[in-house]
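This briefing describes the fold of one protein chain for a reader who is new to protein structure. Please look over the sequence and the structure before reading on.

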Amino acid sequence: PQAILPNAALDAASLVVVTDPLDDSRVHAVRRFLDSGKTVLLVMKSIALAPTIAQIGQLGTLPAEEAADGNYALLGQIDFAHPIFSQFGDPRFSDFTKIHFWKHRRLGIDGVKGARLLAKFDDGDPALVQLPAGQGTLLVLTSGWHPPDSQLALSSKFVPLLYAVLDLG
């Protein structure tokens, strides 16, 4: 079942995390949340979330596919100028190579006006993308942080990253 905060609680929240496809009424609530200048983090546990991302971002159709299975992917390029990653800009903290991503999704953001690629995997696929969405910030992580997808939640960088996402709101 889909869980979403009642309107009063949603209005008081700074961040909404979406991990499963949403129905139309929940998409509308998340859209209203973004229009109020807040932050939404969409965690793609599967390609089934692509239509929800497209609806929330009012992007039309957004192609997505599972990346080829292989050993693992690493974060290969990171935008340390962005507020989410700026705290890791110092060379002592900028090494993300110990975080393995077992699965990720390819999200077709080519041609999405205003899309900002915040991190790429070493194969060039988007890892974290900021998409245009009203007055708010719509972030899409193309891999989950649960163990079948990645080691992200086990990393010492996970909590600071989440705080940085929360600070955007």
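Which residues of helix H4 (residues 158-168) are buried? They are Phe158, Leu161, Ala164 and Val165. These buried residues fall within an arc of 125° when seen down the axis of H4, so they line one face of the helix. The model is a predicted one, and the points below are grouped by topic.

**Overall fold**

- The chain contains 4 helices and 8 strands.
- Along the sequence, these elements follow the pattern α-β-α-β-α-β-β-β-β-β-β-α.
- The radius of gyration of the chain is 15 Å, close to the 15 Å that the globule rule gives for 169 residues, so the chain is as compact as a globular protein of that length.
- Taken along the principal axes, the C-alpha atoms fill a box of roughly 40 × 30 × 30 Å.
- Of the 169 residues in the chain, 43% are buried.
- Among the contacts with a separation of 6 or more, 63% join residues 24 or more positions apart.
- The chain exposes about 8600 Å², and carbon and sulfur atoms supply 54% of this area.

**Helix H4**

- An α-helix has 3.6 residues a turn, so residues three or four places apart point the same way.
- In H4, the buried residues Phe158, Leu161, Ala164 and Val165 line one face of the helix, because they fall within an arc of 125°.
- On the other side of H4, Tyr163 and Asp167 are exposed.
- The cover over the buried residues of H4 includes strand E1 (15-18), strand E2 (39-43) and strand E8 (137-141).

**Helix H2**

- Helix H2 (residues 24-35) has 12 residues, which should span 16 Å at 1.5 Å a residue; its end C-alpha atoms are 16 Å apart, which agrees.
- The residues Val27, Ala29, Val30, Arg31, Phe33 and Leu34 are buried in H2.
- Just after H2, Gly37 takes a positive phi of about 90°.

**Nonpolar cores**

- In soluble globular proteins, nonpolar side chains tend to be buried together.
- The largest nonpolar core of this chain has 26 residues.
- Val40, Leu42, Ile53, Ile56, Leu131 and Leu138 have the most contacts inside this core.
- The elements that give two or more residues to this core are E1, H2, E2, H3, strand E7 (126-131) and E8.
- Helix H2 provides the largest share of this core, 5 residues.
- A second, separate core of 23 residues includes Phe101, Leu118, Ala127 and Leu161.

- Apart from its neighbours within four places in sequence, Ile56 is in contact with Leu22, Val27, Val30, Arg31, Leu34, Leu42 and Leu138.
- Thr52 belongs to helix H3 (residues 50-56).
- Why does Thr52 count as buried? The relative accessibility of Thr52 is 2%, and a residue is buried when this value is under 20%.
- Beyond its neighbours within four places in sequence, Thr52 is in contact with Pro21, Leu22, Val27 and Leu42.
- Gln58 lies in the loop between H3 and strand E3 (64-66).
- Gln58 is exposed, with a relative accessible area of 59%.
- Phi of Gln58 is near 50°, a positive value in a residue other than glycine.

**Two partly exposed loop residues**

- Ile47 is found in the loop between E2 and H3, and it counts as partly exposed at 36% relative accessibility.
- Ile47 and Pro21 are 26 residues apart in sequence, and their C-alpha atoms are 9.5 Å apart in space.
- Setting aside its neighbours within four places in sequence, Ile47 is in contact with Ala64, Glu65, Glu66 and Arg105.
- Gly108 lies in the loop between strand E5 (105-107) and strand E6 (116-121), and it counts as partly exposed at 27% relative accessibility.
- The C-alpha atoms of Gly108 and Glu65 are separated by 8.7 Å, although these residues are 43 residues apart along the chain.
- Which residues does Gly108 contact, leaving aside its neighbours within four places in sequence? Gly108 is in contact with Leu62 and Pro63.

Conventions:
Residues numbered from 1 in each chain as written. Predicted model: local features only at pLDDT ≥ 70, side-chain atom pairs only at ≥ 80, totals over all residues. Heavy atoms only, no water. Buried < 20%, exposed > 50% of the residue type's maximum accessible area, 1.4 Å probe, protein only. Arc of directions from axis to C-beta. Contact = heavy atoms within 4.5 Å. Expected span 1.5 Å × (residues − 1). Rg over C-alpha atoms; globule rule 2.2 N^0.38 Å. Areas by Shrake-Rupley, 256 points an atom, 1.4 Å probe, with all protein chains shown as cover. Core = buried A, V, L, I, M, F, W, Y, C linked by side-chain atoms within 4.5 Å.
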